[in-house]
Amino acid sequence: AFTPWLAAPAGAALLLALLGRNRWQAAVSSALLACIAFWLFPLPAGKRVPSNGPTVELRVMSFNSKLGRADARTVVRLVQENRIDVLAVQEHSQAFQERLAAEGLDALLQHRVTDPANNAGGSAVYSRFPLEKAGQVPGTAFRMPIVRITVTSQGRAGVLEVTNVHTRAPVEHKAGEWRSDLAAVKKGGRR
């Protein structure tokens, strides 16, 4: 979550190393910038879909509602303006769910799997397409549901599994829990 913040200091370090003509510091700064760039813009990996095969466009939006305090009207407006098909919400509360419904989200995204909570553990996935709960990532600080969405478009159908990821923030003494959450998500993706 905080990795992009390292780009500016690393860039400044490279600039200062170049201005000071220090090759060793320039090399270290360049390597750091390369690592940051790879982290932010990873190389394509995983299974490739043949370009001549059928595809369906799916627009997904994910956000943290900050313990349900997000502005429901803005969220619904963004879903409508951007023609969002799947909305994943972290830190979802019952009160926020009711505000989203009052603003008309249920008319835009008719299907949902929600698990609201009055703390940071609540989650929800809303979809224009039918969905069902397929499981949950085990052993994490917050609930991370896995949902199965049946996407249909132009006579074609496909099934997609989506995990609503909400890890512990990698701050202070919580870095170990953050690493554990990421490992659990990785393991859950291989099911």
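K66 is exposed, with a relative accessible area of 53%, where exposed means over 50%, buried means under 20%, and partly exposed is anything in between (1.4 Å probe, protein chains only). The residue sits in the loop between β1 (60-64) and α3 (72-81). Helices here are DSSP runs of H or I with at least four residues, strands are runs of E with at least two, and both are numbered from the N terminus. The phi of K66 is near 50°, a positive value in a residue that isn't glycine.

A quick word on ground rules: this is a predicted model, so local features need pLDDT of at least 70 and side-chain atom pairs count only at pLDDT 80 or more, while totals for chains, interfaces and linings use all residues. Residues are numbered from 1 along each chain as its sequence is written, and side-chain values use heavy atoms, with hydrogens and water left out.

Which residues of α3 are buried? They are A72, V75, V76 and V79. These residues cover an arc of only 95° around the axis, which puts them on the same side of α3; the arc is that of the directions from the helix axis to the C-beta atoms. The buried residues of α3 pack against β1, β2, α4 (94-102) and α5 (105-108), with contact meaning heavy atoms within 4.5 Å.

Just after α3 comes R83, with a positive phi of about 50°, although R83 is not a glycine. R83 lies in the loop between α3 and β2 (86-90) and is exposed, at a relative accessible area of 55%.

The loop between α3 and β2 also holds D85. Is D85 buried or exposed? At 5% relative accessibility, D85 counts as buried. Its side chain is joined to that of R128 by a polar contact of 2.7 Å. That term covers a pair of N or O atoms within 3.5 Å; within protein, one must be able to donate a hydrogen and the other to accept it, and residues adjacent in sequence count only if both atoms are side-chain atoms. Not counting residues up to four places away in sequence, D85 touches E57, L58, R59, L109, Y126, S127, R128 and F129.

The last name on that list is worth a stop. F129 is found in the loop between β4 (123-127) and β5, and F129 is buried, with a relative accessible area of 4%. Leaving aside neighbours within four places in sequence, F129 is in contact with L58, D85, H111, I149, T150, V151 and T152. F129 and S153 are 24 residues apart in sequence, yet 9.9 Å apart in space, C-alpha to C-alpha.

Three strands form an open sheet in the order β5-β6-β7, with antiparallel pairing; two strands pair if DSSP finds at least two bridges between them. The edge strands are β5 (131-136) and β7 (156-163), each of which pairs on one side only. Neighbouring strands of this sheet are turned by 25° against each other on average, direction ignored. For that angle, axes are lines fitted to C-alpha atoms (for helices, over the stretch in contact), and angles run from 0 to 180 degrees between N-to-C directions.

How many bridges join β5 to β6? Five, with the strands running antiparallel, and Q136 has P145 in β6 as its bridge partner. Between β6 (residues 145-153) and β7 there are eight bridges. In β7, T163 is the bridge partner of I146, and G158 is that of V151. β6 and β7 form a hairpin with two residues between them, and Q154 in the turn has a positive phi of about 50°.

The buried residues of α2 are A26, S29 and I36. Seen down the axis, they fall within an arc of 90°, so they line one face of the helix. What covers them includes α1 (7-19). On the other side of α2, R23, W24, C35 and W39 are exposed. At the N-terminal end, N22 caps α2, with a side-chain oxygen 3.2 Å from the backbone nitrogen of W24.
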